[in-house]
Structures are given as structure tokens and as C-alpha cells.
Amino acid sequence: MIRNARKDTLIAYVLIAPFVAIYGLIFVYPTIDMFILSFQDAPLITFGPQTPEWTGLDNYTRLPDDRRFGTAFWNTAYFVLLTVVPGTLVALAIAMGITRLSGRLQALVLALFFLPYILPVSVVYRIWDWTLNFQFGIAMHLFDVLGIDRVPIFKTSTWFMPAVAFVTIWWTCGFSILLFLAGLRAIPTEIYEAAELDNAGRWTVFRKLTWPLLWPITALVLTIQLILQLKIFDQVYLFSIGGRPNDNLVMVYYIYQRAFQNDDGGRAAAIAVVLFLIVIVVSVLNFQLLRLAERKT
Amino acid sequence: MKHLMGMALGATLATAAQAQETVVWWDFLSGGDGVRMKSLIEDFNAAHEGEITIDATTLEWGVPFYTKVQTSVAVGEAPDIMTYHASRIPLAVSQGVLQPITDADWEQMGLSQDDFAEATWNAVTVDGEQYAVPLDTHPIVLYYNRDLLEEAGRLNEDGTPMGLDSREGFEETLAALKDAGVEYPLASVTADGNFMYRTIYSLMGQQDGELLTDGEFLAGDNAEKLQNALSVLQEWTNNEWQSTYTDYPATVALFTSGEAGMMINGVWEVPTMKDLADEGRLFDWGAVELPIIFDHASTYADSHAFAIPANNGVDEGTAKRDAVLEVISWISENSLFWATAGHIPANSGVTASEEYSQMEPNATYSSLTENMIFDPQSEFSGVAGPMFDVMSTYFVPTLNGEMDPAEAVEEIQYELNDM
């Protein structure tokens with residue numbers, strides 16, 4: 001049979017057309033619109049008496065002096081610092097432990113660590129609010145018994161971010177554990193047997209074998225975590241309801257606030273563009289650095 | 001013949017459709033008052049069987065509700081009628097989401113300016129036009145535990161707390177409660193600046209303070225008045241007279257569990273107290289107008305009102321509009337039941353009734369209608385609005401002793417003018 005190249009191409013186009021159409025409609029178009037919006041003084045929704053006006057770079061030039069933008073920016077950076085590397089290391093440690101178990105016990109322990117990951121964020125919030133609430137939290141009664149002063153954890157800016165970071169690691173590390181476990185299983189056992197014959201110690205085995213062989217997975221987990229945590233919103237929003245949201249602002253929260261609370265679509269779009277660029281730059285940088293590290297080992 | 005029959009059938013169908021109007025209704029009333037509103041809606045539906053049915057949905061209070069309204073109006077999918085906070089009407093008008101209530105509408109509903117308190121009427125008026133029909137006013141009040149006050153020796157013979165007429169008097173009551181072993185003489189929502197806005201704005205009003213004067217925030221000595229209000233509250237914290245870092249649910253729980261002697265909260269918590277008392281799980285309680293801390297009585301209030309969204313086809317002269325107006329007027333007339341949710345009915349015909357004067361605790365605090373102040377009329381105003389938000393940011397650190405009141409006022413001024 002003679003292949004008709006032109007027909008093949010046509011079929012290919014037809015087959016990918018639905019995807020391209022949907023992708024264009026719900027991703028490309030809104031993204032372009034966001035860029036346009038960021039140069040306008042526009043309400044959240046253009047309707048009735050409200051019409052957008054072109055304001056050039058105003059929405060951007062305001063940002064350096066905008067205190068809330070500063071708070072949001074630094075809080076996001078702080079949160080990334082508190083979650084990405086610590087979360088990855090915790091997951092690695094747990095995965096290393098689980099991999100030593102076998103059979104049903106391994107399945108059970110893995111399930112226990114994975115369980116929090118399937119909870120919706122609202123449930124996560126409820127659990128930890130019940131635990132750490134200043135007046136009625138279970139942990140506070142424990143503090144009383146131990147003679148420690150109660151701490152209003154989610155109501156002070158000192159404790160808020162570390163506490164939310166802790167809850168986030170608890171909640172999401174199940175997925176990273178799974179990735180690490182898969183990576184650990186992919187390492188051939190012969191290599192370990194050979195190391196054993198050479199009398200290599202545990203630490204040497206980890207440093208010289210497990211760590212380098214697991215590096216692609218570690219790099220993947222780090223990248224996923226980085227992008228995810230830069231976009232942090234849900235937990236911060238829920239834990240600051242009825243508290244002090246403006247001290248706990250993160251980037252996405254500030255976008256939400258500008259757009260929905262202050263009806264300021266233009267300024268919200270400008271912040272969204274900045275976050276968009278940060279995510280791109282940071283993830284490209286992260287990826288290149290990790291590749292560099294891989295070559296070295 | 002067949003043709004004729006078809007026409008006749010069409011006509012019958014048309015009348016049937018006209019006779020039964022469905023009014024799509026959105027509100028944000030959950031909790032105790034939501035239950036009461038649902039029961040009112042059921043009564044309405046029963047009384048209008050075959051004519052009008054209300055199809056009601058309750059949405060989440062605050063920003064989620066108002067965002068949904070804005071979006072739905074823009075795409076022409078708004079409900080036929082919705083509840084709205086009077087304080088947010090200036091913002092709503094600037095967004096074009098509301099239809100004005102015309103003179104013809106008022107006439108058809110059998111209501112007029114004379115049926116409402118002046119402050120309430122003004123709150124729904126923008127540039128001489130009304131954009132909503134007030135259902136109630138809901139101020140904040142002082143809840144108190146009679147048993148604890150009696151133990152502390154600060155209960156009047158008529159069952160009200162002593163010392164409501166001056167700062168010294170009220171602080172004496174707080175101190176006496178503390179001495180009597182009450183851990184929190186006053187339960188305050190100190191973790192939530194949004195909530196405290198209501199108390200602090202009341203205390204500003206007691207000094208004739210204004211937030212917005214001719215477009216300027218905290219003009220003249222108003223900044224000082226705000227600082228005075230914050231200083232009083234911070235002192236209560238320093239003296240350990242009020243609960244710190246307490247969020248809303250915890251505040252209510254501190255009061256209802258008897259750990260706090262008094263609580264400043266909205267009248268909408270009246271159903272909570274009533275229901276607990278009916279189950280025999282609450283102490284002897286009461287609610288009164290806020291104490292006078294400065295020069296004269298003044299209390300923050302807002303109003304739940306009914307509004308007709310724009311761009312929804314409920315235009316003048318349509319049968320749908322008639323149905324919507326009937327809903328508003330019927331519920332306004334029957335708002336005595338709504339008062340069991342703690343709110344003060346906006347319809348003065350209802351508050352003047354014999355039954356209302358027998359209703360407790362409403363009758364005790366309804367005197368404050370003369371002293372209530374609403375948010376300034378501005379598109380920055382309103383519950384969960386931008387002004388609310390800016391001020392709340394600095395209330396929490398101040399009320400918990402992290403920030404100096406003077407510094408807080410400075411920051412608030414800076415941010416308000418930066419909006």
C-alpha cells in the first residue's frame with residue numbers, strides 16, 4: 001500500500017484539532033487576555049457603567065511601592081523555602097523506611113502515609129484547626145498539661161507560615177513518597193549485593209549508590225513541589241479566614257483579593273503576569289541547575 | 001375546527017403559565033436566621049399556592065456571594081430577587097448590578113419612605129434613587145450572663161448590667177467580673193479585624209467620628225477618635241478583661257459555655273441563645289444596647305435588604321416584576337417572625353406593633369434604632385469591602401497588644417488613601 005503523506009497529515013490535524021481548539025479556548029485565549037488586561041484599569045467584569053481604560057504600565061509601576069505585593073512576594077518565597085526542600089527530604093526519608101518493610105506491613109504503612117494526600121483541603125483545614133485552635137484546640141490542652149503557654153498559632157504572623165508549611169508537608173508528602181518508592185524499586189538489587197560484597201557501610205551505600213541513582217526522581221519531585229508551592233493559595237486562604245489574611249498574603253491570594261474583593265481586574269492581572277514570569281524563570285532555572293547537578297555526579 | 005382547538009389549548013396553557021410565577025431567589029442567610037427565612041419562604045409559598053412559588057438558594061456570605069452576583073448579572077443569569085447588604089449598595093450601583101426601585105414599585109408594594117427609619121432609608125438611597133427595600137437592621141449588641149453578673153454584684157434590679165452609661169462604670173463591671181473569678185469578663189472577636197470593625201466604628205460614632213468626610217478618609221480629628229477607640233480596647237486586653245486571638249466561633253463558644261461574662265456580637269446570634277435556652281443548656285442571659293464608652297450612645301448597624309438584579313428580564317410591567325414585588329411586600333409585612341432571628345424589622349409598622357413590644361430581647365435593645373450609624377456611603381464601603389479589609393488588617397495586632405494604637409491609625413490612614 002502506498003502511503004498518502006498528505007492524507008496522513010490531514011488526519012493528524014483533524015485528530016488534534018479538538019485538543020487545540022479547547023487548549024486555545026481555555027488556556028491560550030485567557031492568557032493573552034490576562035496580558036491585555038494588565039495594561040488596563042479594568043473592573044473584574046466589564047459590564048454596565050464600568051468600562052476598562054488603557055493605563056499603560058501603571059499597574060506594574062505601582063507594584064514596587066505596593067506593600068501588600070511586598071508581603072505577598074516575601075511570604076510566598078518564605079513558604080517555598082519552608083516546604084520544597086524539607087518536604088522532599090521528609091518524603092525521601094519516609095520512602096527509605098517503607099522500602100525496608102515488606103508484604104502487608106509495607107502496604108499498610110504506605111497507606112497510612114498516603115492517606116492524608118487524598119483528603120480535600122477543607123478537611124485538612126478542619127482537622128488542624130481542631131488540633132491547634134487557641135481556645136479549644138486539642139493540642140492546647142496538651143500544652144496546659146505540660147505547663148507550656150498556649151500559642152495562637154494561626155493568629156500570629158510568626159507562627160502562621162511555619163505551621164501552614166508543616167500542614168502542607170503532612171498533607172502532600174504522600175505523593176512524593178510514592179514517586180520515591182517507585183524510584184527505589186527501579187534500582188537493581190544486584191548493585192546493592194555487589195556493594196555488600198565490598199563491605200560498603202550503610203551511609204556509603206546511600207551516598208554513592210542510592211542518592212545518585214535516585215537523583216532523576218529527586219529532581220522531578222523538587223520541580224513539581226516548587227511549581228506547586230509557588231502557586232500556594234487554598235491552605236493560606238482557609239487558615240486565615242476570620243483571622244488576619246493581609247499579614248499572611250501570598251501571591252495567588254493577593255491576585256484573588258485584588259480581583260474579587262477589590263474589583264480591580266487590571267491590577268490583579270498585572271500581579272498574575274508577574275507570578276507567571278516568576279514561575280517560568282524559577283522552573284527553568286531549577287531544571288537547568290538540576291541537570292547540571294546530574295552531570296556532575 | 002382542529003385549528004380552533006389548538007388555539008384554545010394554547011390559550012389555556014398560556015394562562016396556566018401566567019398564573020404560576022416562579023421567583024428565583026438568592027440569599028446568604030445561613031445559621032439561625034437562615035432557618036427562619038426558610039420557614040418564611042414556606043409560608044409565602046403556601047399562601048400563594050398556584051400563583052407564585054419562591055425557588056430559593058442559599059449561597060456563601062461575603063465575597064463569594066457578591067462575586068457570583070456580579071458575574072451572573074453580566075451574563076444575564078442573575079436571580080429575580082436577592083438579599084443585599086445596604087452598606088454595599090453604593091459599590092453595587094457603581095458596578096451596575098442593581099435595578100432601581102421606582103416610585104410605581106413602592107406604590108405597588110404599599111410601602112414608602114415613612115415606613116422606614118431615616119438612617120435605613122438613606123442607606124439604600126444613591127443619588128436620590130432607592131436600590132433596595134430594607135428588610136431589617138442588624139446592629140451589634142452587648143450579650144450578658146446574668147448569673148455571673150449577679151455573682152460579681154453588678155446586676156441591676158431590672159436584670160441589666162450595671163455601668164452601661166460611662167467608661168468608668170463599664171470598666172468597673174469588667175473588673176468586678178474578673179475579681180469574681182470569671183476568666184474572660186468580655187468575649188471579643190479579637191482575631192478577626194473584620195468583625196471588630198463594627199465595635200470600633202461604634203466607638204468612633206460615640207465621639208461623632210467619621211471615616212469619610214467629603215471624600216477624605218479620617219479627616220481632621222477623626223484619626224484621633226479612631227485612636228481613642230483602639231486605645232480603650234487595647235487597655236481591656238492589657239488588663240486581661242477580654243479574650244485575645246479569639247476567632248468568631250470561639251467567641252460565641254466562650255460566652256455560651258459560661259467562660260465569659262459578656263460578649264459584643266451581632267443580633268443574629270439571638271437565635272443561638274434562644275435555641276440553647278429552650279433546650280435548657282444556657283444560663284439566664286440578656287442583650288442590651290452597647291455601653292456608652294465616650295460621649296453618647298451610638299451603634300454600628302447594617303441592613304439586610306431586598307434588591308432586584310439588573311439585566312435579568314424582571315422589567316417594569318412584566319408579570320415577573322409583579323410577583324417579585326409581591327414577595328418583597330409580603331415578607332416585609334410578615335417580618336415580625338424575622339425578628340425572632342434577632343434582627344430589628346425595618347418596617348416601622350411592624351416594630352410599632354403590640355406583639356413586637358412584647359418580644360424579648362428585641363424590645364430591650366430596639367431603642368438603639370435612634371442611635372445607629374451605617375457605613376459611610378462610598379464604593380469602598382460595605383461588609384467584606386475594601387475599607388473594611390484595610391482597617392481590619394491593623395485591628396488584630398492592636399487589639400492583641402502587638403501594635404501601638406497610634407501606629408495602627410497611621411498605617412490605616414496610609415493604606416486607605418492608597419486604595
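In chain B, the centres of domain 1 and domain 2, taken over C-alpha atoms, are separated by 30 Å. The model is a predicted one. Domain 1 of chain B is made of residues 18–135 + 303–364, and domain 2 of chain B of residues 139–301 + 385–417.

Where the two domains of chain B meet, 11 residues of domain 1 are in contact with 11 residues of domain 2. On the domain 1 side, helix 2 (residues 31–47) of chain B gives the most, with 3 residues. Sorted by class, the side of domain 1 of chain B that touches domain 2 of chain B has 3 nonpolar, 5 polar and 3 charged residues.

One helix of chain B can be followed along its length. Helix 9 of chain B covers residues 193–205, which is 13 residues. From its first C-alpha to its last, helix 9 of chain B reaches 18 Å, close to the 18 Å expected at 1.5 Å a residue. Helix 9 of chain B is also mostly covered, with 13 of its 13 residues buried.

Some details of the backbone of chain B come next. The peptide bond that runs from Glu360(B) to Pro361(B) is cis, and its omega is near 0°. Pro361(B) is found in the loop between helix 15 (354–357) and helix 16 (362–365) of chain B.

Asp214(B) is not a glycine, yet it has a positive phi of about 45°. Asp214(B) sits in the loop between strand 9 (212–213) and strand 10 (216–217) of chain B. Tyr245(B), likewise a residue other than glycine, has a positive phi near 45°. The loop that holds Tyr245(B) lies between helix 10 (222–238) and helix 11 of chain B.

Are these two residues buried or exposed? Asp214(B) has 6 other C-beta atoms within 10 Å, so it is exposed. Tyr245(B) has 24 other C-beta atoms within 10 Å, so it is buried.

Chain B also touches chain A. The contact takes 24 residues from chain B and 21 residues from chain A. On the chain B side, at least two residues each come from helix 3 (63–74), helix 4 (89–95), helix 11 (248–256) and helix 17 (386–399). Helix 3 of chain B supplies the largest share of this side, 6 residues. By class, the side of chain B that touches chain A has 12 nonpolar, 9 polar and 3 charged residues.

Read from the N terminus on, the elements of chain A run α-β-β-α-α-α-α-α-α-α-α-α-α-α. The radius of gyration of chain A is 24 Å, whereas the globule rule gives 19 Å for 297 residues; the value is well over the rule, so chain A is more spread out than a compact globule. Taken along the principal axes, the C-alpha atoms of chain A fill a box of roughly 85 × 80 × 35 Å.

Of the 297 residues of chain A, 32% count as buried. Among contacts in chain A between residues at least 6 apart in sequence, 70% join residues at least 24 apart.

Definitions and conventions
Residues numbered from 1 in each chain as written. Chains lettered and ligands numbered in written order. Predicted model: local features only at pLDDT ≥ 70, side-chain atom pairs only at ≥ 80, totals over all residues. Contact = placed C-beta atoms within 7 Å. Helix = DSSP H or I, 4+ residues; strand = E, 2+ residues; numbered from the N terminus. Nonpolar A, V, L, I, M, F, W, Y, C, P; charged D, E, K, R; others polar. Rg over C-alpha atoms; globule rule 2.2 N^0.38 Å. Buried ≥ 20, exposed ≤ 12 C-beta atoms within 10 Å, placed from the backbone. Expected span 1.5 Å × (residues − 1). Domains from an automatic or database assignment.
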